[in-house]
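Hello,

Here is the structure I said I would pass on. Please have it open while you read the notes below it.

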Amino acid sequence: FGALLLFHTFEDVLEHYILPEMSHWQEVAVSMLQMLLWFVALQLVLAYYSGALGKNQAVMLRSDSLSVAKACESPTTKWHLMKSADQHLGVIKLNTEAWGILLGHATGFAAKNACSSLQQAVPRNFFFVALTPLLFFGIIILVYHATECFRYKIMMRDGEEDEFEEIWRERVAETEDEVIALAVSFSIVQMLRFGISGHLPNASGEDQERFNLHTNSSCALLLLVGLVPGVADVVRVMCTRSANTFVRIVSGGGSEEERLRSRNWCEGISSMSFAWCIHFAVDWWIASNFELEGSMKAVLSALTVTALAFVLIFGLDKVADSNFDDVEVHHALRGMIGGLGLLVGFSWERCFDASFDGLAKHRHFGPVPPEISRVVLAIALALLVLPAWKWFILPMPHGPHGPHGVDDHTPKIPRDEVKDEAQTSSKHRFFGRIG
């Protein structure tokens with residue numbers, strides 16, 4: 001939500017001041033450049049917070065704790081030092097994950113915009129519109145190979161990969177998988193909408209005013225077509241257990257990590273295509289049956305999408321929690337749930353986006369241009385929402401001793417010493433938690 005809010009706001013500024021004077025292909029070039037800049041920012045910021053490039057405070061504290069613990073002879077002191085080092089590692093992972101989610105979604109929508117701009121520039125027939133997702137898939141694969149070479153050169157400076165570089169590599173790979181799923185799935189759904197309605201929506205996915213009315217059968221058809229990639233991925237896993245042909249085409253029969261990433265791409269594109277079809281089918285139905293505009297239309301669309309998504313999430317969660325021995329089926333179902341969750345966030349971001357439009361256009365901020373007013377409002381809302389998300393929401397799935405907590409391999413000390421330590425620290429726990 002926060003990442004898309006900021007991205008769309010600055011994108012509107014770009015469209016207002018720079019893009020209107022450009023041709024279609026110049027807009028495509030600017031969109032591609034913007035996507036590459038987001039990719040560069042993603043690599044460098046995650047490299048810094050993971051400790052692969054530079055030394056932030058958490059990285060230095062962990063290194064200091066480990067070096068002192070290595071030279072320490074007291075088991076109790078060593079235990080506390082190792083515990084402190086693991087807590088600092090948890091902070092490093094949490095910071096890297098937080099920035100990975102924010103920049104990953106912003107990069108994903110930059111890639112989506114670049115792909116949509118390319119789709120707008122090609123001739124308006126189904127062959128060229130359908131060819132665009134395949135072409136852009138190849139472009140992103142080339143970008144991924146370039147970023148992978150960059151990471152390899154950084155990691156092999158000392159001849160081996162340390163724990164910080166491993167965190168960087170894993171988090172960037174996971175984030176890039178989400179980027180390709182967002183961009184390619186959106187262009188696929190644009191193609192499906194073009195095939196059903198005969199009119200290609202704009203780069204943001206909005207229909208032109210004279211083409212925004214659709215029959216209920218068209219809405220139902222788009223919803224049913226959206227089920228195809230989601231169900232097909234689960235059927236593909238159950239029947240074949242792996243997309244061998246897809247993997248060979250994409251990874252060239254490479255390593256296990258490359259095959260795993262290829263599978264993630266397939267699952268991500270399928271689940272996000274399913275989510276986008278739900279979103280635009282609801283949009284079509286509301287535009288055709290209700291005379292609403294602006295923020296009211298966006299709110300009704302978000303409420304409807306949220307209700308549908310929650311029903312589907314509860315159903316898929318029950319199926320995924322069943323006694324499934326097939327890990328790949330479980331992973332595919334969880335991917336569909338993740339896509340629906342992202343869809344809910346995107347729907348509500350559109351509500352705030354429409355509200356910002358109304359506030360800015362009615363000049364509630366005096367002589368300030370509407371585009372600048374939107375930037376100020378978006379930054380203010382992001383500063384309100386994002387810190388709370390990072391402090392309270394993001395750590396919840398991991399628990400106090402999960403991936404970002406204390407490592408189970410920490411050296412043990414006698415129970416009575418641990419008990420004494422707990423009693424000593426309990427007096428300060430309340431104020432420590434506030435701090």
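The notes cover a core, a helix and one serine.

This is a predicted model, in which local features need pLDDT of at least 70 and side-chain atom pairs count only at pLDDT 80 or more, while totals for chains, interfaces and linings use all residues. Residues are numbered from 1 along each chain as its sequence is written, and side-chain values use heavy atoms, with hydrogens and water left out.

The core: a nonpolar core is a set of buried Ala, Val, Leu, Ile, Met, Phe, Trp, Tyr and Cys residues joined through side-chain atoms within 4.5 Å. Buried means under 20% relative accessible area (1.4 Å probe, protein chains only). The largest such core has 55 residues, and M35, F136, I180, W276 and L340 touch the most other members. Helix α9 (residues 256-289) contributes the most, with 13 residues; helices here are DSSP runs of H or I, at least four residues, numbered from the N terminus. Contact means heavy atoms within 4.5 Å. Setting aside neighbours within four places in sequence, F136 is in contact with residues including M32, M35 and A183.

The helix: 25 of the 35 residues of α6 are buried, so the rest of the structure largely encloses it. At the N-terminal end, D162 caps α6, with a side-chain oxygen 3.1 Å from the backbone nitrogen of F164. Just after α6, G198 has a positive phi of about 85°.

The serine: S65 sits in helix α3 (residues 57-71) and counts as buried because its relative accessibility is 9%. The C-alpha atoms of S65 and L81 are 5.5 Å apart, although 16 residues separate them along the chain.

Regards

Note on methods: Buried means under 20% relative accessible area, exposed over 50%, partly exposed in between (1.4 Å probe, protein chains only). Helices (H or I, at least four residues) and strands (E, at least two) are DSSP runs, numbered from the N terminus. A polar contact is a pair of N or O atoms within 3.5 Å; within protein, one must be able to donate a hydrogen and the other to accept it, and residues adjacent in sequence count only if both atoms are side-chain atoms.
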